[in-house]
Amino acid sequence: MSDTLKVTPTAIPGVLILEPRVFGDSRGFFLESFNQEAFNEATGLDVRFVQDNHSRSAQGVLRGLHYQVAPHAQGKLVRVVRGSVFDVAVDIRRESPTYGQWLGLELSEDNHRQLWIPPGLAHGFLVTSESADFLYKTSDYYTPEAERSIRWDDASLGIDWPLNGPPTLSAKDQAAPGLPPR
């Protein structure tokens, strides 16, 4: 395993929690946010990232659940550099034994965690701080005709979002359908 990156598998096959080594002192901190060799060595994967995205959202904004279908399915390496979010990955791989299961965890500027979400999963997040800057790398380009959404509050998923009131949603997310049939 890389000495700069700790990787923890989750209950959903392929979804990984990554924790970079943080070097801190009274001046602040330093961490290597991404290193292709360290990522490959620590995860056992050989992913080619092609696009970096950055979103800023206010507290209570919920983005998701989003994914792209093949041949443009995207893997995502996600992290928060300012604020905090409750980040969710949902397994929608029809052949998977964990189809329809979700994983949720806090990503924040303080814990420096990253989450690897492989292709075939839906992804979303809820901003839990005053605002949050959310960064993510993707393994395929954004392709509008391949983009899909699942309703954030689909009862069959039962995601336990840490809400303090109704979330702020885009029109697209308000109109999203439920979980696709297996």
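**Pairing, burial and contacts in the predicted model**

Modeller: Strand β6 (residues 62–68) and strand β13 are joined by 3 bridges and run antiparallel. This is a predicted model.

Colleague: Which sheet holds β13, and in what order do its strands lie?

Modeller: An open sheet of 5 strands, in the order β9-β8-β11-β6-β13, with antiparallel pairing. β9 (102–108) and β13 (147–149) each have a single partner strand, so one side of each is left without a neighbour in the sheet. From one strand to the next, the twist averages 25 degrees.

Colleague: Why is β12 described as largely enclosed?

Modeller: Buried means under 20% relative accessible area. Of the 8 residues of β12, 7 are buried, so the strand is largely enclosed by the rest of the structure.

Colleague: Which strands are joined to β12 by bridges?

Modeller: Strand β5 (residues 51–58) is joined to β12 by 8 bridges, and β7 by 6. Both β5 and β7 run antiparallel to β12. Ala-58 stands opposite Ser-131 in β12, and Lys-76 stands opposite Thr-138.

Colleague: Which residues touch the most other members of the largest nonpolar core?

Modeller: Val-85, Leu-107, Leu-115 and Phe-134, out of 18 residues in that core. Two or more residues each come from β7 (76–82), β8 (84–91), β9, β10 (114–117), β11 (121–127) and β12 (131–138). A second, separate core has 16 residues, including Leu-62, Tyr-67, Ile-92 and Tyr-99.

Colleague: What is Leu-115 in contact with, leaving aside its neighbours within four places in sequence?

Modeller: Among others, Val-15, Leu-16, Ile-17, Leu-77 and Val-78. The list also includes Lys-76 and Asp-87.

Colleague: Is Asp-25 buried, partly exposed or exposed, and how do you know?

Modeller: Asp-25, in strand β3 (residues 22–25), has a relative accessible area of 41%. Buried requires under 20% and exposed over 50%, so Asp-25 is partly exposed.

Colleague: What makes the pair formed by the side chains of Asp-25 and Arg-27 a polar contact?

Modeller: The distance is 2.6 Å. The cut-off for a pair of N or O atoms is within 3.5 Å, and one atom must be able to donate a hydrogen and the other to accept it. The Asp-25 and Arg-27 side chains therefore count as a polar contact.

Notes:
Residues numbered from 1 in each chain as written. Predicted model: local features only at pLDDT ≥ 70, side-chain atom pairs only at ≥ 80, totals over all residues. Heavy atoms only, no water. Pairing = 2+ DSSP bridges. Helix = DSSP H or I, 4+ residues; strand = E, 2+ residues; numbered from the N terminus. Axes fitted to C-alpha atoms, helices over the stretch in contact; angles between N-to-C directions. Core = buried A, V, L, I, M, F, W, Y, C linked by side-chain atoms within 4.5 Å. Buried < 20%, exposed > 50% of the residue type's maximum accessible area, 1.4 Å probe, protein only. Contact = heavy atoms within 4.5 Å.
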